[in-house]
Amino acid sequence: LEGNRLFVEKEFNNNLDYYRDIAHAQHPQVLWIGCSDSRVPEDMITGSRPGTIFVHRNVANIVAFNDVNIAAIVEYAVAHLKIPDIVICGHYNCGGIQALDEGVEENYIADWLLISGGAKEKVDRIAMEQSLSRMQRLNLLAEENVRLQIKHLKNLSLVKNMHRKGDLPCIHGWIYDMDSGRLKVLIDGRTER
């Protein structure tokens, strides 16, 4: 609440016209599908203002086929808000990715991470061929998980049908590096379809 008081005093009151404008309608340009990790705040790491990013976050930035929540968010984003770009953003040092790699006993977390099993299988093969260090393996797994979730997203009927007609959205894959603060582009949706 103290943080909110400071926000109102220093940000909101100094930009009243902007906040009054976005209070009546949102016009985000990006749907962000990211990890729930508290160290990866999409607005801060992209330098974005309120009203510019429509957000869905979950453990390990997963796009699940049977998740009505993410399906509704994607539909609302592209069909109603007409958002042209979707970013799936993973990050290095991800606890979900580490749990995926090591295995986990908790029921719901283990079940959720099964959705990323294909990324782990691919990284297992690569790691055996290339003798990757533990950190290299986890970083590669975070990247491969983003690529797999993009495949999942592209296979959702709504997105598949839009792409078949040549419509947006463009789907991008990014990784956030907490050690440098930088975003790394894995897949540029403007050049890849």
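Biologist: In which strand is N58 found?

Modeller: The model is a predicted one. In it, N58 has a relative accessibility of 10% and therefore counts as buried, the cut-off being under 20%. The element in which N58 is found is strand β2.

Biologist: Leaving aside neighbours within four places in sequence, which residues is N58 in contact with?

Modeller: N58 is buried, at 10% relative accessibility. With its neighbours within four places in sequence set aside, its contacts are G34, C35, S36 and W112.

Biologist: R57 is also in strand β2. With which residue does the side chain of R57 meet in a salt bridge?

Modeller: The bridge spans 3.0 Å from N to O. It links distant parts of the chain, 15 residues apart, with R57 in strand β2 (residues 53-58) and the partner in helix α3 (residues 42-46). The partner of R57 is E42.

Biologist: Is E42 buried or exposed?

Modeller: R57 has 27% relative accessibility and counts as partly exposed. For E42 the relative accessible area is 11%, and the cut-off for burial is under 20%, so E42 is buried.

Biologist: How many residues apart in sequence are the parts that K184 and E143 tie together?

Modeller: The side chains of K184 and E143 meet in a salt bridge of 2.9 Å, N to O. K184 lies in strand β5 (residues 182-187), whereas E143 lies in helix α8 (residues 134-155), so the pair ties together parts of the chain whose separation in sequence is 41 residues.

Biologist: Of K184 and E143, which counts as buried?

Modeller: K184, at 39% relative accessibility, counts as partly exposed.

Biologist: About how many helical turns separate E144 and R147?

Modeller: The side chains of E144 and R147 meet in a salt bridge of 3.2 Å, N to O. E144 is buried at 9% relative accessible area, while R147 is partly exposed at 29%. Because they are 3 residues apart in helix α8, their separation is about one helical turn.

Biologist: How many salt bridges does the structure hold?

Modeller: Some residues are linked in a network of salt bridges, namely D101, E102, K120, D124, R134 and R137. For the structure, the number of salt bridges is 14.

Biologist: Which residue is joined to the side chain of Q149 by a polar contact?

Modeller: Q149 lies in helix α8 and is buried, with a relative accessible area of 0%. Not counting residues up to four places away in sequence, Q149 touches N61, I62, V63, I88, I115 and S116. The polar contact joins side chains at 3.0 Å, and the partner of Q149 is H152.

Biologist: How is α8 oriented relative to α9?

Modeller: Two packed helices are described by the distance and the angle between their axes. The axes of α8 and helix α9 (residues 157-164) come within 5 Å and cross at roughly 75 degrees. Since that angle falls in the range of 65 to 115, α8 is, relative to α9, roughly perpendicular.

Biologist: How do the residues of the contact of α8 with α9 divide into nonpolar, polar and charged?

Modeller: From α8, L153, K154 and N155 meet S157, V159 and K160 in α9. The residues of this contact divide into 2 nonpolar, 2 polar and 2 charged.

Conventions
Residues are numbered from 1 along each chain as its sequence is written. This is a predicted model: local features need pLDDT of at least 70, side-chain atom pairs count only at pLDDT 80 or more; totals for chains, interfaces and linings use all residues. Side-chain values use heavy atoms; hydrogens and water are left out. A salt bridge is a side-chain nitrogen of Lys or Arg within 4 Å of a carboxyl oxygen of Asp or Glu. Helices (H or I, at least four residues) and strands (E, at least two) are DSSP runs, numbered from the N terminus. Buried means under 20% relative accessible area, exposed over 50%, partly exposed in between (1.4 Å probe, protein chains only). A polar contact is a pair of N or O atoms within 3.5 Å; within protein, one must be able to donate a hydrogen and the other to accept it, and residues adjacent in sequence count only if both atoms are side-chain atoms. Contact means heavy atoms within 4.5 Å. Axes are lines fitted to C-alpha atoms, for helices over the stretch in contact, and angles run from 0 to 180 degrees between N-to-C directions. Angles under 35 degrees count as roughly parallel, over 145 as roughly antiparallel, 65 to 115 as roughly perpendicular and the rest as oblique. Ala, Val, Leu, Ile, Met, Phe, Trp, Tyr, Cys and Pro count as nonpolar, Asp, Glu, Lys and Arg as charged, and the others, Gly among them, as polar.
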